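Hi,

Here is the structure I said I would pass on. Have a look at it first, and then read my notes below.

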There are 2 protein chains.
Amino acid sequence: MKNYWIWFPGDFEIHEGMLQNFTREERGMRWPAYWYSDDCYKNVKFEHAYDLHTPTTFTVHTHQQGYITINDTKYRVNEPITLKPGHQDIVIYIFSADELPTVWIEGELIHSDPSWLADNYVIQRPVGYSDLFTKQTDNPAHIPYAHKEIAPVSFQSQNGGLLVDFGKEINASLKFKNLKKAITVCYGESQTEALDTKMCYYQQSGITEHTKIPKRAFRYLFIPDFTAPSVDVTADCIFLPMTNHSAFSSDNELVNKIWDASIRTFKLCSDLFYIDGIKRDRWIWGGDAYQDNFINQYSFFNEDVDKRTILALRGHDEIHQHINTIVDYSMLWIISIYNHYQMTTDKEFLQMIMPRMEQMMDYLLAQTNDLGFIYGRDGDWIFVDWSAMDKDGTVAAEQMFLLQSLKSIMTAKKVLGQPATKYQKLFESLKANTLRYFWDNEKGAFIDSYESGKRHVTRHANILAVLFDIVDEEKQQAILHNVLLNDQITQLTTPYFKFFEQDALCKLGQLSQVYQTIQDYWGAMIKLGATTIWEEYDPTVSGKEHYAMYGDPFGKSLCHAWGGSPVYLLGRYFMGLQPTAPGYATFTIHPHLSMFNELQCSLPVKNGAVHYHVHDGKIDLRTDHSGGTVITDSEKIELQPQQTVTIANN
Amino acid sequence: MKNYWIWFPGDFEIHEGMLQNFTREERGMRWPAYWYSDDCYKNVKFEHAYDLHTPTTFTVHTHQQGYITINDTKYRVNEPITLKPGHQDIVIYIFSADELPTVWIEGELIHSDPSWLADNYVIQRPVGYSDLFTKQTDNPAHIPYAHKEIAPVSFQSQNGGLLVDFGKEINASLKFKNLKKAITVCYGESQTEALDTKMCYYQQSGITEHTKIPKRAFRYLFIPDFTAPSVDVTADCIFLPMTNHSAFSSDNELVNKIWDASIRTFKLCSDLFYIDGIKRDRWIWGGDAYQDNFINQYSFFNEDVDKRTILALRGHDEIHQHINTIVDYSMLWIISIYNHYQMTTDKEFLQMIMPRMEQMMDYLLAQTNDLGFIYGRDGDWIFVDWSAMDKDGTVAAEQMFLLQSLKSIMTAKKVLGQPATKYQKLFESLKANTLRYFWDNEKGAFIDSYESGKRHVTRHANILAVLFDIVDEEKQQAILHNVLLNDQITQLTTPYFKFFEQDALCKLGQLSQVYQTIQDYWGAMIKLGATTIWEEYDPTVSGKEHYAMYGDPFGKSLCHAWGGSPVYLLGRYFMGLQPTAPGYATFTIHPHLSMFNELQCSLPVKNGAVHYHVHDGKIDLRTDHSGGTVITDSEKIELQPQQTVTIANN
């Protein structure tokens with residue numbers, strides 16, 4: 001097996017996740033995520049038994065401290081050890097007060113690979129490892145970030161200072177040269193923010209050529225009291241390299257720009273983990289992460305960022321509170337594991353995460369009532385969305401999340417060959433009760449709460465019922481007409497839930513409406529000069545009001561992960577690509593591309609890609625992967641690797 | 001209230017305890033404690049509401065990072081904040097990836113004191129604080145260790161090198177001056193160890209004048225390949241200052257030396273925490289800590305080291321395994337809290353520790369059977385002692401520990417005005433069953449196990465039954481004659497349990513035997529030149545064999561905390577001082593000092609001392625504390641503060 005740096009499984013992600021959630025900065029204040037934070041275990045053993053037939057030499061390398069026992073004899077780390085043939089029980093004891101305990105074992109017969117076990121003196125599990133750390137010279141405490149230097153595209157003297165524009169939103173550390181005096185730098189995602197020397201989010205004074213400046217998100221800089229016409233500055237963009245496996249270029253320039261901005265937004269918000277936005281928060285949120293997984297699947301197809309985020313969100317076995325304190329997010333976390341498996345067919349990860357998945361499900365089931373309905377307890381945040389909703393008693397939307405969670409764990413258990421009957425039964429009875437108590441036949445929709453007596457309908461539960469296949473086709477159509485297409489039902493106000501809504505609308509065939517929304521809502525930001533997608537776009541405001549949110553004039557994140565959803569919507573429904581078996585063992589391509597006269601598009605599948613070429617009223621389809629089936633309105637065509645199938649574009 | 005640095009309660013001790021358990025060093029290897037290790041919470045809030053009648057200014061100082069909200073408006077740390085009159089809800093958010101999050105709040109009306117609450121985003125409790133950190137210039141990450149430089153008492157050229165003797169065992173960092181070349185230093189608690197350049201525990205090469213050398217325990221140094229007749233070296237003894245409130249000087253020179261060596265041993269092993277020994281382990285062990293509490297009570301009377309050790313041993317709320325993996329030690333931990341309360345009457349600490357005390361009791365009760373007997377599970381270490389013992393099924397000694405644990409928590413709950421009936425009932429039924437199943441009428445003693453059918457008797461359970469008042473006087477006498485004074489019953493081999501045995505013998509009035517044991521067992525080490533008390537003394541071995549233990553030629557610790565027990569035995573039984581109400585509100589003095597013709601002794605009581613002067617067949621007794629009663633064989637005399645009561649010494 002391949003050589004890796006190894007650690008207690010999940011602990012690299014938990015430790016780095018804590019560090020990530022400690023990076024938020026606002027106007028000279030540091031603002032940690034407001035939830036309980038786990039750190040990695042500090043005292044860990046690594047164990048392996050070998051039956052040697054020949055003598056062998058190996059070295060245990062570590063950046064931390066500890067020692068080794070082999071058949072109960074002690075040895076030192078970082079020194080070669082030679083063993084005779086025979087049975088050898090190797091235990092490596094590593095500790096660190098502040099770093100992740102890790103080892104690299106170098107040797108011909110004995111080396112660190114996934115067959116080792118890690119032990120925190122209470123639980124023993126197969127080690128964690130990552131493709132980021134596959135050389136002895138690596139160090140899991142040092143993330144192998146790449147650097148790319150970018151120069152400004154323009155300088156402009158203004159308000160007695162200098163405004164610097166880098167042309168697009170970046171996440172970078174600044175390097176100044178040839179400064180005559182110490183300067184102050186005000187950052188802005190927008191020009192307005194940079195020029196607001198009082199209220200801009202980031203500002204640093206006393207900067208000289210020697211100042212080490214932290215990585216920050218911005219497009220503009222403003223240097224007050226600076227009269228020179230330019231300044232010698234480069235932005236050192238710092239990021240984790242990740243390959244984009246998608247491409248999109250059509251005859252609709254606006255949609256092309258939306259696609260590109262979505263991709264840029266997603267990548268900027270995805271390094272070690274999915275974070276919400278690169279300027280504000282910079283925290284790992286379960287809601288954003290859930291949606292990012294879908295965008296990832298149709299673009300970078302990076303399995304590692306998915307897994308790292310799942311591990312970091314969850315923390316150690318013991319559950320202290322819901323993920324990000326939000327009950328919904330605990331359930332989205334469970335569902336995301338299933339989604340990840342569907343995308344990747346990664347059984348090893350499923351096996352590794354299963355104990356924590358089960359513990360999370362137990363934690364959720366402990367707060368269900370006799371009908372199986374989940375309710376909120378003191379300190380729980382029943383979020384769903386910021387929208388007004390009747391949250392009296394148990395809430396319909398939460399039951400939808402719980403149903404999909406049960407389905408997810410049930411399926412995952414079956415994949416691992418473990419009994420799932422318990423979850424199956426709970427699923428069935430919860431589904432029956434959800435329909436019985438929350439479905440209103442007269443309204444043809446799910447109501448928020450049955451306990452309040454108000455029988456109020458909002459979009460959320462209905463959207464989720466469609467997405468999670470909780471209702472039959474008849475009820476789906478009822479929901480479409482009575483809720484989704486019904487302007488009497490209060491509109492969603494957050495892009496977070498708009499994602500689910502667009503997804504549901506697409507699923508119910510409302511592609512032209514969604515295509516219009518993409519151009520109107522996302523297009524509006526592009527037209528305002530956005531190079532990345534915002535946290536929210538409000539067509540009713542103008543000017544600097546666009547930058548305000550949460551009562552803060554620059555509180556809105558202008559590069560916000562969930563904004564990248566057009567990539568998913570276009571890929572999943574317009575390109576019509578979806579796996580029909582885990583890891584794309586089989587997949588279907590059912591294009592709806594009549595809005596395009598010209599289009600070149602590539603989308604990833606696991607270990608492969610699908611290529612689209614729209615021209616002359618036709619679509620040429622090609623893949624390098626087996627298992628593909630092209631679906632048109634009239635037929636199903638098997639797509640052989642490297643062959644091109646051409647269908648009509650209608 | 002007084003100004004303190006504040007933190008999440010228990011977290012200073014948990015973090016420093018982890019660091020302590022990471023300090024073990026052996027022949028170039030670092031050896032962490034082999035149990036699960038908690039670290040402090042990394043993300044913590046501090047909260048306080050004030051109703052201000054006048055404007056006021058304050059500053060939140062921190063060495064970590066974070067921000068403040070006051071009535072939901074954000075403020076910066078380390079900058080003065082001025083508030084107007086009115087209600088002010090202050091929340092301080094502090095985080096650190098590697099340090100304990102702490103704050104010092106400086107202000108006239110608003111400052112950091114024990115009335116603040118700490119919150120890890122899951123639980124909220126009154127803050128932790130310490131008398132070690134009471135100035136803004138303090139930093140809880142820097143322990144205020146004192147330093148005392150000591151010079152060698154002799155140099156001796158030997159084996160081609162230089163042997164350096166510091167005259168007594170010390171715990172110090174070496175500082176060399178005027179070295180002509182880099183040297184190697186071999187340390188030894190004994191001369192033999194220092195001269196053994198291969199097997200000595202500590203050895204460091206390449207030492208120059210600039211080498212920063214860690215604190216290590218030793219009396220001797222050996223510098224191989226060093227021909228000069230001396231070397232310029234000082235030992236920087238590093239320790240936490242602690243006042244010795246006891247004094248002992250008698251006409252028995254050997255006992256004086258035993259007392260002094262015991263005091264030195266105890267102090268060397270007690271800085272932030274009670275550790276087992278200063279050369280080996282350096283870990284915080286529940287068994288040593290339990291016994292150190294008794295020694296402390298009759299010498300330094302330092303409440304803080306007691307509390308710090310209790311907190312560090314326990315860790316956070318969630319229990320992952322027994323303390324040091326040993327079931328007995330979890331029970332001793334509970335009992336030690338009760339002992340600490342009896343010594344100090346510290347209700348605040350009792351209140352603070354109660355949640356963790358209850359959780360520990362629940363953890364123990366979860367492994368009891370229908371009869372209430374505690375049993376070992378997979379991974380549990382049913383230790384009792386290293387002696388051979390019939391451990392088939394449930395074991396008598398463990399039931400004794402559980403009985404005393406139940407009594408301890410029951411009493412503690414009553415002190416706090418909380419219901420204790422549950423524990424009372426469990427205690428009574430366990431006591432009845434223990435007597436019914438483990439007491440053997442024929443043998444007049446407790447047997448180890450009733451399930452094996454062997455009905456084997458060892459000393460342990462019988463000793464504990466006496467110490468914990470589990471048997472009536474008739475059974476006590478049976479135990480004394482059938483077990484304690486019965487040479488047919490296998491002798492104890494560890495000083496750990498010898499402590500309990502001597503305690504029980506004293507309790508049963510066997511003072512002359514114990515006095516002889518003190519002179520024979522402890523005296524033998526003194527006669528061999530010991531300046532501190534060893535982990536164990538074996539009269540059957542000689543020469544360098546004295547230094548061997550656990551199969552290692554220098555494995556024996558020559559400065560081992562539990563060795564200091566003569567201080568307790570002499571104080572508690574010979575001086576006859578004991579509290580009869582918590583915190584010495586009342587106490588008795590019942591001297592048995594006929595073995596001394598001359599004696600000057602002082603012993604601490606809470607906030608005071610008792611002074612003994614034996615001369616001319618009489619004992620003069622004096623105290624500065626109220627509540628004392630002198631007991632003689634014939635009468636009880638109230639001892640008024642500052643008055644001297646003289647009784648006959650017989």
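**How the two chains meet**

In this predicted model, 36 residues of chain A are in contact with 36 residues of chain B. Together the two chains bury about 3300 Å² between them, and 63% of that is on carbon and sulfur atoms. On the chain A side, A:Met29, A:Arg30 and A:Phe95 lose the most area to chain B, together 17% of what that side buries.

**Salt bridges**

Between chain A and chain B the count is 4 salt bridges. For a cross-chain pair to look at, take B:Lys42 and A:Asp39, which form a salt bridge with the closest N and O atoms 2.7 Å apart. Over all chains, the count comes to 62 salt bridges.

Inside chain A, A:Lys606 forms a salt bridge with A:Glu303, the closest N and O atoms being 2.8 Å apart. A:Lys606 lies in the loop between β24 (599-605) and β25 (608-615), while A:Glu303 is in helix α5 (residues 303-314), so this pair ties together parts of chain A that are 303 residues apart in sequence. Both A:Lys606 and A:Glu303 are buried.

A:Arg377 and A:Asp380 also form a salt bridge, with 3.0 Å between the closest N and O atoms. Here A:Arg377 is partly exposed, at a relative accessible area of 31%, whereas A:Asp380 is buried, at 17%.

There is also a network of salt bridges in chain A that links A:Arg24, A:Arg280, A:Asp281 and A:Glu535. Over in chain B, the side chains of B:Asp281 and B:Arg280 meet in a salt bridge (3.1 Å, N to O). B:Asp281 counts as buried at 7% relative accessibility, and B:Arg280 counts as buried at 4%.

**A sheet and a helix in chain A**

Chain A has an open sheet of 4 strands, in the order β22-β23-β27-β28 and with mixed pairing. β22 (577-579) and β28 (636-639) stand at the edges with a single partner strand each, so one side of each is left without a neighbour in the sheet. On average, neighbouring strands of this sheet are turned by 25° against each other, direction ignored.

Strand β27 (residues 628-631) of chain A pairs with β28(A) in the antiparallel sense over 4 bridges; A:Gly628 has A:Leu639 as its bridge partner in β28(A). A:Thr588 sits in strand β23 (residues 587-589) of chain A. A:Thr588 is buried, with a relative accessible area of 13%. Leaving aside residues up to four places away in sequence, A:Thr588 touches A:Gly576, A:Leu577, A:Gln578, A:Thr580, A:Thr629 and A:Ile631.

Which residues of helix α11 (residues 473-484) of chain A are buried? They are A:Gln476, A:Ala478, A:Ile479, A:Leu480, A:Val483 and A:Leu484. The buried residues of α11(A) pack against β20 (439-440), β21 (445-446), α10 (459-467) and α12 (495-507) of chain A.

Cheers

Terms used:
Residues are numbered from 1 along each chain as its sequence is written. Chains are lettered from A and ligands numbered from 1 in the order in which they are written. This is a predicted model: local features need pLDDT of at least 70, side-chain atom pairs count only at pLDDT 80 or more; totals for chains, interfaces and linings use all residues. Side-chain values use heavy atoms; hydrogens and water are left out. Two strands pair if DSSP finds at least two bridges between them. Helices (H or I, at least four residues) and strands (E, at least two) are DSSP runs, numbered from the N terminus. Axes are lines fitted to C-alpha atoms, for helices over the stretch in contact, and angles run from 0 to 180 degrees between N-to-C directions. Buried means under 20% relative accessible area, exposed over 50%, partly exposed in between (1.4 Å probe, protein chains only). Contact means heavy atoms within 4.5 Å. Buried area is the accessible area (1.4 Å probe) that two parts lose on being put together, summed over both.
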